Amino acid sequence: MNPNFLQTPLVYLKGVGPNRAETLKVELGLETFGDLLQLYPNRYLDKTQYYKIGQLKDSGADVQILGKIVHLKTVEQKRGKRLVASFVDDTGQMDLVWFRSHKWIRENIKLNEPYVVFGRVNRYGSIFSMPHPEMELLKVHQAGLKISMQPIYPSTEKLSNSGITNKVISKLIQQLFIETKADFDETLSQSLLEELKLIARADALLNIHFPKSQELLARAQFRLKFEELFFVQMQLLNKKAVRKHKIKGLPFDQVGEKFKFFFTNHLPFELTNAQKRVIKEIRNDMGSSAQMNRLLQGDVGSGKTIVALMCMLLAIDNDYQACLMAPTEILANQHYNGLKELLADMEITVAILTGSVKKSARRTIHEQLESGELNILVGTHAVLEDKVQFKNLGLAVIDEQHRFGVAQRSKLWRKNSLPPHILVMTATPIPRTLAMSLYGDLDISVIDELPPGRKAIKTVHRYDANRLKVFRFIKDEIKKGRQVYVVYPLIQESEAMDYKDLMDGYESIAREFPLPDFQISIVHGQMKPQDKDYEMERFVKGETQIMVATTVIEVGVNVPNASVMIIESAERFGLSQLHQLRGRVGRGAEQSFCILMTSHKLSSDAKTRLETMVRTNDGFDIAEVDLKLRGPGDLMGTQQSGLLNLKIADIVKDNQILKSARYYAMQLLKADPKLEKNEHLVIRKAYATLVKDKAIWGYIS
Ligand code: ADP
Ligand code: MG
């Protein structure tokens, strides 16, 4: 078929007028024949099964129910009339509602006869209602049961209210098959089809919409999921290849004096094997002629900073500058101070650039960067400003990347005529099973070993009612010379309330831990940067014993003497955030503790999160649970990889298919990188069509 045919606007499909076209576009994002073809059912309804009214729970379910209409009435509303039928089965009663076609319904409906109704239910208090149900007399329904699986398409309240029911969508798709003669081009090569025993694309599309049997449906699903994931992988792998071959990198070919000098004279501890391995990986990468784009994963406390520093030394040894970007001012300061200390008597110049650096100091920094006088720039987003120009930026390190967007990363690329090597460090582990497929275009290094001598943090869950006991525990720890964090949630939507909670909490702690025996710091986002720094500084120096804070301390802050982390309203935090926060303790030699405080009211997801935190310290384990709870939507990087726009596959549930798709994509590109062989032309053609579609493949990097 001419592929342009699938680009035809839906309004040209028989049965779709301008109104329907608009509704389909707004509600489901469907604009073309091709979009409709790829509107895959969410699930399939077994038409021989009926739901009971008594089992209905929430709004939004599409259900088929067998019952009788016992009563019909018209209800007057401000915005017009509606017709309401009382519909009952042996377990309860609900409403069927019509906003239009009242006359027709009144004249045709038979009271007290068994009907099969199908539609989406809404819940209003304890009453369930179904607007514009599809309905058939039971007799008719039974006579028409040719296949028992009815596809259920994605829907919205607006769609069903405007009469575009599941049945209508099914009809439109049927019409689409008629108009296109179901002549859909194959997109995979004959050898792939044979090796994986895949059914042809046209058969798969037919059976996904009109399943002939369970088995054919399963094969259709498999085929379409594989195809979808295969092309995502092709794209990621291609992108990586382009970067490796086309984008020239700055060759760091020597390991010079500074690196060696630091290694022998300044390294405050022995590197772990994982750190050594990762440094070697990065060194090889930056030594080659390709640009590095590497993700460094390492759990909190695994020692990523020293790795970053040593890589920056490599850049300097090769006469390039380096910069290190952090998501918060506190963190940038900490990196700056840490680097200054580690590099104490080496002839390396370091400066810090954040929002609160004064204009005159800023100007000096700009000049020194451009003249090349400055070797290392540490900073926040301020580093990205256009005014900040380097003489020769060779390496950009981004710490805790989840706080940065892709657009910001791309700004860094443009800070040098040839893009600098990029090292992105993150403490949010991506489940191993997913990392490769998600970051198909990045290289990945993992520090999977903590420095020796760390004691595992003990984590417990306590209810607010036990607060006094917790206070007593804090006192004991402070007596032993330790320091304590108390963290409050700060969620944008409830910011004002959250600040109040923070202040109330601060006051009660201040009462319980009075001066002069106890000193308390407080840090939150509404304070001026200087004040934050001052308070933070006091805590770092050990002048205060308790740090009351919002999540501003979430990332990176390093105070080895702090051994207790209290997280208030822990049920409101996500798993990865809890894990990040816990990572602020357990950095010294002492036994550390994390106490998760919650009220008694806990959702089942919240319970799982708390149990997971108590059970394990392993960030990868936690990431797996997080992924199961939340799905991939929040995983960093998913937006970039196109994996969120999947139409049928699910990267969590279909992980096995994903792996196989990646494997076959790699094989193919290895054998025929430009897809020039005759047998691969179908793939090449399909790929070209997809890449043209910016909506799917839009990507900045
Ligand atoms: P993160 O990976 O969370 O950024 P850091 O780089 O802040 O971790 O390191 C955490 C702490 O561990 C720091 O105090 C650092 O000095 C220390 N550290 C890092 N590597 C080692 C090592 N190989 N041996 C001992 N301590 C180390
Ligand atoms: Mg860090």
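Predicted model: local features only at pLDDT ≥ 70, side-chain atom pairs only at ≥ 80, totals over all residues.

Biologist: What makes α20 roughly antiparallel to α22?

Modeller: The angle between their axes. Helix α20 (residues 575–582) and helix α22 (residues 619–630) cross at roughly 155°, with axes that come within 9 Å. Angles over 145 degrees count as roughly antiparallel, so α20 is given that label relative to α22.

Biologist: Which residues of α20 and α22 meet?

Modeller: From α20, Leu575, Ser576, His579 and Arg582; from α22, Gly619, Ile622, Val625, Asp626, Leu629 and Arg630. Sorted by class, this contact has four nonpolar, three polar and three charged residues.

Biologist: Why are α21 and α22 described as they are in relation to each other?

Modeller: The axes of helix α21 (residues 604–615) and α22 cross at roughly 175° and come within 10 Å. With the cut-off at 145 degrees, α21 and α22 are therefore roughly antiparallel. On the α21 side the contact is made by Asp605, Thr608, Arg609, Thr612, Met613 and Arg615, and on the α22 side by Asp621, Ile622, Val625 and Leu629. Four nonpolar, two polar and four charged residues make up the contact of α21 with α22.

Biologist: What residues do α13 and α19 bring to their contact?

Modeller: Glu329, Ile330 and Asn333 of α13 meet Pro529, Lys532, Asp533 and Met536 of α19. The class count for this contact is three nonpolar, one polar and three charged residues.

Biologist: α13 and α19 are also listed with the second largest pocket. How do you know which helices line this pocket?

Modeller: By counting lining residues per element. α12 (304–317), α13 (329–342) and α19 (529–540) each supply at least two residues to the lining. The largest share, 10 residues, comes from α13.

Biologist: How much space lies in the second largest pocket, and what lines it?

Modeller: The second largest pocket holds about 1,200 Å³. Its lining has 44 residues, and the closest to the centre are Thr305, Gln334, Gly338, Asn558 and Arg587. By class, that lining divides into 17 nonpolar, 16 polar and 11 charged residues.

Biologist: Why is a cavity called a cavity and not a pocket?

Modeller: Because a 1.4 Å probe fits inside a cavity but cannot get out, whereas a pocket is open. Three cavities of 30 Å³ or more are found in the structure. The largest cavity has about 110 Å³ of space. Among its 15 lining residues, the closest to the centre are Asp62, Arg120, Ser160, Thr165 and Asn166. Strand β5 (residues 114–120) gives the most to this lining, with three residues. The lining of the largest cavity has six nonpolar, six polar and three charged residues.

Biologist: What is omega for the peptide bond that joins Leu515 and Pro516, and is the bond cis or trans?

Modeller: Omega is about -5°, and the bond between Leu515 and Pro516 is cis. Pro516 is in the loop between α18 (495–512) and β19 (520–523).

Methods:
Residues numbered from 1 in each chain as written. Chains lettered and ligands numbered in written order. Heavy atoms only, no water. 1 Å grid on protein atoms, 1.4 Å probe; cavity = no way out; pocket = protein on both sides within 12 Å on 5 of 7 lines; lining within 4 Å. Points joined across faces, edges and corners; volume = space filled by probe spheres on them. Helix = DSSP H or I, 4+ residues; strand = E, 2+ residues; numbered from the N terminus. Nonpolar A, V, L, I, M, F, W, Y, C, P; charged D, E, K, R; others polar. Contact = heavy atoms within 4.5 Å. Axes fitted to C-alpha atoms, helices over the stretch in contact; angles between N-to-C directions. Parallel < 35°, antiparallel > 145°, perpendicular 65-115°, else oblique.
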